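Please find below a short note on the model under review.

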Amino acid sequence: MSGLRKPVVLASIVMSLAAWPPAQAQQSPAVLFQNVRIFDGKNGALSPPSNVLVRNNRTERFSAAAIAADAQMINGGGRVLMPGLIDAHWHAMLVRPTPAAALVDDVGYTNLLAGAEATSTLMRGFTTVRDMGGPAFGLKRAIDDGLVAGPRIYPSGAVITITGGHGDFRHLSDLPRTIGGMLSRMEKIGASMVADSPDEVRVRAREQLMQGASQVKLTAGGGVASPFSPLDVSTFTEPELRAAVEAADNWGTYVATHAYTPVSIQRSIAAGVRCIEHGHLMDEATARLMAEKGIWLSTQPFLDLSAASGLGPAEQAKMRQVVTGTDTVYALAKKYRIKTAFGTDVLFSRALAERQGAMLASMTRWYTPAEALIMATSTNAELVGLSGKRNPYPGKLGVVEEGALADLLLVDGNPIDNIRLIEDPAKNFLVIMKDGKIYKNLLQR
Ligand SMILES: [Zn+2]
């Protein structure tokens, strides 16, 4: 009897879980945006007033003529419909905790905290993030399953670093490491892994790929928020970097490295790395090399020091050096026409995360508003697509075109005329749609 009852009880639990409403999302078989002007993510000019039909999770049709469809109507009133924004350098698990809390807190709490932040990220209009380090696989799954509202996540999993490198958050009291001995806390939770030989790198890279990493992230040089690595150091050797590149290449994807200096960038490129994260201290020769080889630059508009407020004096000094390099890296990227992606790299600060859109708007220091918006949509989509066969969301992102995945924002105003509209997403993004589902609609009566 009890043997018969058990499956029934289990089945009812599964059914009730299946009926659990995805946070705030409204599933509609079809949605028709009427009278919108389209910023398609590729061209700075808006379309004439148009109608856009979304069915299931794709943009099915758009037309200046009326579209007849059995669909939920959203009257755009001549407002601008644009692709959802993409942040090419994000850390979904590391935005809200402090550095210490990220390591010592209960992982259940850490995941729920990251879930809350993921919902905020989506509500800022960022419908996709490329996660450049942190244990985000569970969060990604919960979002994809509709349990938590959040952006699409292209996860790297744990950052792979060397002993003392950027991302090694151990204490001096953790040394010396016993080879083959216990893992440190940061390694157990999958935040970052220490690897000191090509063989160790290969293991750690493969472990991230096994968990579903869409790309692999290594730190090729020193960093700001890392007590033991000066900015000028190069960390991995070329054979170590190449071990990760081979593992990723065998898996159909690529390696990105954290690198500020010419040496760390050039060594990464020699090893087959396809994307450089940051690059703020690069020189002319390195910029020319990146352009020649078609290497991506995923960099960030670091302009103020408030990001370093929680850091010690030595790290603040490093931050100043990077901020000084920000004008240089964008000047070189433009001069040599390097493929450049936009990201924010927000760490350990909810307040800074709320400025995610403002950081994109700050790109007008170097680019036109249209150029900045194109970078944060179709260009960033091209970079996330570099994950090839490991792309967790095959389909076109970052554009409004027929057949593309329906990640859309309806903006109350024209962001190409006034990019600062994206600084206040709560007010100015009237509709937020991801994967054809409406997560916000202020026009609903
Ligand atoms: Zn980062």
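**Note on the predicted model**

1. The chain comprises 14 helices and 18 strands (DSSP runs numbered from the N terminus: helices are H or I of at least four residues, strands E of at least two). Its radius of gyration is 22 Å, close to the 22 Å that the globule rule gives for 445 residues, so the chain is as compact as a globular protein of that length; the radius is taken over C-alpha atoms, and the rule is 2.2 Å times the number of residues to the power 0.38.

2. This is a predicted model, in which local features need pLDDT of at least 70 and side-chain atom pairs count only at pLDDT 80 or more, whereas totals for chains, interfaces and linings use all residues. Residues are numbered from 1 along each chain as its sequence is written, and side-chain values use heavy atoms, with hydrogens and water left out.

3. Of the 445 residues in the chain, 55% are buried (under 20% relative accessible area, 1.4 Å probe, protein chains only). Among contacts (heavy atoms within 4.5 Å) between residues at least 6 apart in sequence, 70% join residues at least 24 apart.

4. The zinc ion has as protein donors His 89 (NE2), His 91 (NE2) and Asp 345 (OD), at 2.0 to 2.2 Å. Donors are N, O and S atoms within 2.8 Å of the metal (3.2 Å for Na, K and Ca); water is not among the atoms, so sites may look incomplete.

5. His 91, in the loop between strand E6 (85–90) and helix H2 (99–104), and Asp 345, in the loop between strand E15 (340–342) and helix H11 (350–353), are 254 residues apart and link distant parts of the chain. His 91 is buried at 5% relative accessibility, and Asp 345 is buried at 12%.

Note on methods. Buried < 20%, exposed > 50% of the residue type's maximum accessible area, 1.4 Å probe, protein only.
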